[in-house]
Amino acid sequence: MPPTKILVNGAGISGSVLAFFLAKHSPKFSITVLERSRANQKLGQGLEIEEPALTVVKAMEIMDQLQQLRTGELGFRLVDKRARSRGPTGALELMRGDLTEVLYKAADAFENVNYRFESTVKSMVETEKEKGKVVVEIQKRGEENVSTEEFDLVVGADGVRSTTRQMVMGDSRDWYKPLGAYVAYFSIPKEDRDWPDSKACHFTNRRFMWLRPTGEHSKQTSAYLIHMNNNVPALHEANATGDRAKQKQALADLFSNCGWESKRVIEQMLKADNFYSDEIVQIKLPTWSKGRVALLGDAAWAPTPFTGQGNQLAIIGAWVLAQEISRDSSTIAFEKYEKRLREYVEECQQIPLGGYMPALVVPETRLGIWLFRTVFSIMAWFIKLTQRKKPAAGSGKVDKPFDLQMDKLESKGLGQ
Ligand SMILES: Cc1cc2nc3c(=O)[nH]c(=O)nc-3n(C[C@H](O)[C@H](O)[C@H](O)COP(=O)(O)OP(=O)(O)OC[C@H]3O[C@@H](n4cnc5c(N)ncnc54)[C@H](O)[C@@H]3O)c2cc1C
């Protein structure tokens, strides 16, 4: 029997977790992972992995490496001129680039996984049903020629702006749910005061600045700018064209002279080479697959950072999809994957506080900011009071992921 050829487009979090579990499950799969970025390009800032996704990560036996890469952030402080309130940080906090590199190396260690960086899909066509193949044109950056290859299954794990999704499902605006919020993130040189807590400050007109440490001995600090001010045509224009210099200038105009750390952050933003900015968009598709092509992670269901679920769902979704493909490597796997996950994903996609969370978290007026800070202080105090000591991430042991000894996933109805 020839191997089942599976193409994964995108080597982010979901793509590499999928490749890992497919390969771990069976040598009969031949897995190709395409990634448009360079191999050593560590993109993104901080993120957290919580249960039940942590259980999946433990099953990959990479916890020792991840523990060493923890940013070590102690907590979260809301800052203004008078008061500071502190809340806890999540179970396992890491830099996205560190996580994607560990995941990539774990998957790449399998003989039947082949990563191709700086490569992407140019087109894909499913041949007649009875032949059951997807014909894919693949292009490497800087090369004019495309290679044409056939796969049994294709998975688009290429993020919120997925081109796989566009190719198989078209580009319907009905699936994009913009939240009217914008985010930018980049690194700035670390100052002593940036360690060990992350700190954030609100400014009027729905502007928010957040600094997160990236490690005690790191030379960098992560900076995030979030705003919900829709009257910035220059930023709209810059986001549409992806013009980094114009995006930076529009944000500099919006955040300069706000006070707190804004002078330093904006000065450094203008020099940052890992700057990323976009509108925050939720993806809600009527179905996650078409024929032999399925979507995974943000490509299928981007929940937005306001839910805090993007990374968790990417990991859990990859684990469930790998399991279903390993049971039946036909389109039935895609149906079962969606059946098992959809309800859970839709639950996780709900924007907290009845959808008003973005507006409440990034208030417009001084009074709104004061109210938010007061509620945050009370909640942080309450959590501290009631929180039992968390077990250290990685202390649990998961021996047999495919025997489904995953209590946390089971308890959420995500097991079999
Ligand atoms: C550059 C970047 C930085 C991020 N930074 C943060 C952060 O700081 N904090 C946070 O919480 N979340 C961040 N995210 C989002 C977070 O990684 C995802 O929300 C979540 O983990 C879901 O993972 P995913 O694998 O579905 O998508 P992603 O993690 O977005 O991965 C998608 C992958 O597909 C690749 N890709 C995209 N288009 C193509 C294409 N046409 N062909 C081939 N490959 C393609 C991308 O380069 C990326 O590696 C970032 C995402 C990206 C792409």
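**Around the ligand**

Modeller: Happy to! A polar side-chain atom of N9 sits 3.4 Å from a nitrogen atom of the ligand, which counts as a polar contact (a pair of N or O atoms within 3.5 Å). Keep in mind that this is a predicted model, where local features need pLDDT of at least 70, side-chain atom pairs count only at pLDDT 80 or more, and totals for chains, interfaces and linings use all residues. Residues are numbered from 1 along each chain as its sequence is written, and side-chain values use heavy atoms, with hydrogens and water left out.

Colleague: Which atom of R36 is 3.2 Å from a nitrogen atom of the ligand?

Modeller: A polar backbone atom of R36. For T163, an N or O atom in the side chain lies 2.9 Å from a ligand nitrogen atom.

Colleague: And how much of the ligand does the protein bury?

Modeller: The protein buries 86% of the 900 Å² that the ligand exposes when taken alone. Those areas come from the Shrake-Rupley method with a 1.4 Å probe.

Colleague: Which elements give two or more residues to the shell around the ligand?

Modeller: They are helix 1 (13-25), strand 3 (46-49), strand 8 (119-126) and helix 10 (310-327). Helices (H or I, at least four residues) and strands (E, at least two) are DSSP runs, numbered from the N terminus. Helix 10 gives the largest share, three residues.

Colleague: Which residues come nearest to the ligand?

Modeller: E35, Q45, T120, D298 and N311, out of 28 residues around the ligand. A residue is near if one of its heavy atoms lies within 4 Å.

**A sheet**

Colleague: New topic: what is the order of the strands in the open sheet?

Modeller: The order is 8-9-10, three strands with antiparallel pairing. Two strands pair if DSSP finds at least two bridges between them. The edges are strand 8 and strand 10 (146-151), each pairing on one side only.

Colleague: How many bridges join strand 9 to strand 10?

Modeller: Six bridges join strand 9 (residues 134-140) to strand 10. Q139 stands opposite V146 in strand 10.

**Aromatic pairs**

Colleague: Last one: how many aromatic pairs are there in the whole structure?

Modeller: The search finds twelve. Rings of Phe, Tyr and Trp (its six-membered ring) pair if their centres lie within 6.5 Å; planes under 30 degrees apart count as stacked, over 60 as edge-to-face and the rest as tilted.

Terms used
Polar contact = N/O pair within 3.5 Å; in protein donor to acceptor, adjacent residues only side chain to side chain.
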